[in-house]
Amino acid sequence: RAAVRRPARAMLIPGSTTVFFCRHGETDWNLGKRFQGRIDIPLNEAGGSQAEQLANALRSHDLAAVWASPLSRARNTAVAIAAAAGADLQVDARLLERDLGVMQGCVAEQIKTQYPQAWTAWKNQASFPADAKVEQGASVVQRVESALFDLAARYPGKTAAVVTHGAAMRCVLFRVVGTASITVLSVGPGRNWRVVGRCGYEAHLSGLRGLGYFKDADVNDWGEDLSSATVLLCRHGETDWNLDRKFQGTVDIPLNGLGRKQALMLSSALECKSVAAVWTSPLQRARETGEMISSRIGTPLQVDDRLRERDLGVMQGRNPTELREQFPSVIDAWVAQVPLPPEAHAESDHAVVARIEEALFDMAAAYPGKTVALVLHGASIRCLLKRAVGKTRIKTPKNVSLTTMAVGPGQRWKLLQVADSSHTPRMTKEELLHKLRGLSKL
C-alpha cells in the first residue's frame with residue numbers, strides 16, 4: 001500500500017519536528033457509531049489490520065519516538081508502529097481521548113433525544129453545558145499541544161509518531177479524521193505547529209473500510225468541517241513612494257521612518273489576537289513589517305513569493321499625474337477599477353488573485369481553526385477585494401490596515417471586515433504637514 005510521503009524540506013521550518021499525528025485503528029464501537037470517550041474499548045480485527053498497515057506506511061520514516069494515549073485502542077496501534085520502526089514507545093496521559101461525559105456509550109440518536117443541548121454543542125464544536133460533564137475543547141487542545149511541544153523539544157529536527165483519538169484530534173484540527181488516518185504536522189521550534197499536506201491521509205489503508213465504504217466519522221454524527229482559518233491581511237507600513245504617490249509594484253522600496261512606526265503599531269494590535277503564524281511577501285517593505293510583527297509576538301516568519309506585489313508595468317515609478325500625461329488609458333482603467341489595458345504591461349487581476357489564493361488555501365490547511373497574519377501590498381489586496389465585491393467600487397486599504405477573512409475549509413474564502421485602521425492614531429499636525437508637502441510635489 002501507499003507509503004506516506006516525507007514532507008518537502010521547503011515546507012518545514014528549520015529545527016521543527018515532523019509528527020505523524022495518527023488516529024487509532026477501528027473498534028467495534030467505531031463500527032457501531034457509539035461514542036467511546038474515556039471508555040477503554042479495544043481494537044477489533046479490522047482495527048488490528050489497520051494498525052499494521054499504518055505501521056507499514058511509517059516504517060521507512062526513521063521514527064525517533066512513538067507517543068500514545070494510554071487507552072488500549074491507541075496504545076496497541078502505537079505498539080505496532082513502534083515495533084515496525086524499531087522506536088521507543090512512550091505512553092502519555094495528555095494524549096487521552098476527550099472525556100465525553102454523558103455522551104459516552106451512546107449512539108447519536110440517544111444523545112439527540114436525551115441530551116439535546118449536548119448534541120447541539122457537539123455538532124457545532126461549541127462549549128458544552130455543565131450538566132453534560134464533557135471536557136471543554138480548550139482544555140483538550142491545551143493538553144494535546146503540551147505533549148506535542150514537549151515531543152518537539154525532545155526531538156528537534158527529527159520525525160516522530162503520535163497516536164491519539166478522534167474527538168481529541170477534532171478539537172485540535174477543527175475537523176474529523178477517520179480511523180488509522182495520518183495528518184502530518186510540523187511542530188516547533190517553540191510553541192507552534194502547522195499541518196503539512198492533507199488532513200486525514202488514508203491511502204495506506206486497504207479493504208472495504210480502509211477505502212472509505214465505511215466511515216465512523218461522517219457529517220451526520222460529527223458535524224460539519226469547521227477547520228477554516230482566520231486570516232488577517234495586513235498592508236505593509238508606509239514608504240517614501242507611498243508618500244509621493246508613486247506606484248511601486250514590484251520595485252523593492254523600503255519602509256520610511258513613519259512606516260516603521262506604523263509596523264510597530266500593527267505589531268502591538270496583533271499581540272492580543274493569538275496569531276499562530278506570520279506569512280509575508282518577499283519585498284522589503286512587507287518583509288520588514290512582517291519581521292516586526294514576528295519579533296513582537298514570537299511567531300515564526302515565512303516568506304512566500306506568491307504574496308509579492310502586483311507587477312504594475314508602466315505604472316511603476318510614476319505618479320497619477322505622470323500617468324495621465326504619458327499613459328492616459330492606463331490611469332483611466334485604474335481609476336475606473338476595470339482590467340488594465342495591454343499597453344500597461346501589467347500582471348492581470350486574475351493572475352494576482354490565483355497566486356494569492358493558492359497561498360491562502362495552503363495557509364488555511366496548515367493552520368486549521370487558527371489565526372494567521374499575512375503581510376502584503378495595496379494593489380494585491382485591491383485585486384482580492386474586487387474579486388469579492390464584483391462591480392462595487394472599493395478603496396485601496398491604508399498602510400498597516402487589517403482586512404479579516406475566513407479561509408477554508410477547502411478552496412473558499414469570505415471577507416469578514418475590510419481595512420480596519422482603528423489601531424493607528426490620527427496623524428499629528430507635523431505628520432499631516434509632511435503628507436501635504438508630499439502631495440504638493442505632484
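Author: What follows goes from the sheet to its helices. This is a predicted model, in which local features need pLDDT of at least 70, side-chain atom pairs count only at pLDDT 80 or more, and totals for chains, interfaces and linings use all residues. Residues are numbered from 1 along each chain as its sequence is written, and side-chain values use heavy atoms, with hydrogens and water left out.

Start with the sheet. It is open and has 6 strands, in the order S9-S8-S10-S7-S11-S12. Its pairing is mixed. Strands here are DSSP runs (E, at least two residues), helices are DSSP runs too (H or I, at least four), and both are numbered from the N terminus. Two strands pair if DSSP finds at least two bridges between them.

Now the edges. Strand S9 (301-303) and strand S12 (413-420) stand there. Each has a single partner strand, so one side of each is left without a neighbour in the sheet. Neighbouring strands are turned by 20° against each other on average, direction ignored.

Look at one pair inside that order. Strand S7 (residues 229-235) and strand S11 (residues 402-407) run antiparallel, joined by 6 bridges. Find cysteine 234; its bridge partner in S11 is leucine 402.

Next, the helices. Helix H15 (residues 349-366) lies across S7, S8, S10, S11 and S12. H15 runs at about 155° to S10. Angles run from 0 to 180 degrees between N-to-C directions, and axes are lines fitted to C-alpha atoms, for helices over the stretch in contact. Contact means heavy atoms within 4.5 Å.

H12 lies across strand S8 (275-280), S9 and strand S10 (371-376). Its direction is about 160° to S8.

H12 also meets another helix. The axes of helix H11 (residues 257-270) and helix H12 (residues 284-297) come within 9 Å and cross at roughly 40°. The two are therefore oblique to each other (angles under 35 degrees count as roughly parallel, over 145 as roughly antiparallel, 65 to 115 as roughly perpendicular and the rest as oblique). The crossing of H11 with H12 is right-handed, meaning the near helix is turned clockwise from the far one by less than a right angle.

Which residues make the contact? From H11 come Arg260, Ala263, Leu264, Leu266, Ser267, Ser268 and Leu270. H12 supplies Glu288, Thr289, Met292, Ile293, Arg296 and Ile297. By class, that contact of H11 with H12 has 7 nonpolar, 3 polar and 3 charged residues.

Definitions and conventions
Nonpolar A, V, L, I, M, F, W, Y, C, P; charged D, E, K, R; others polar.
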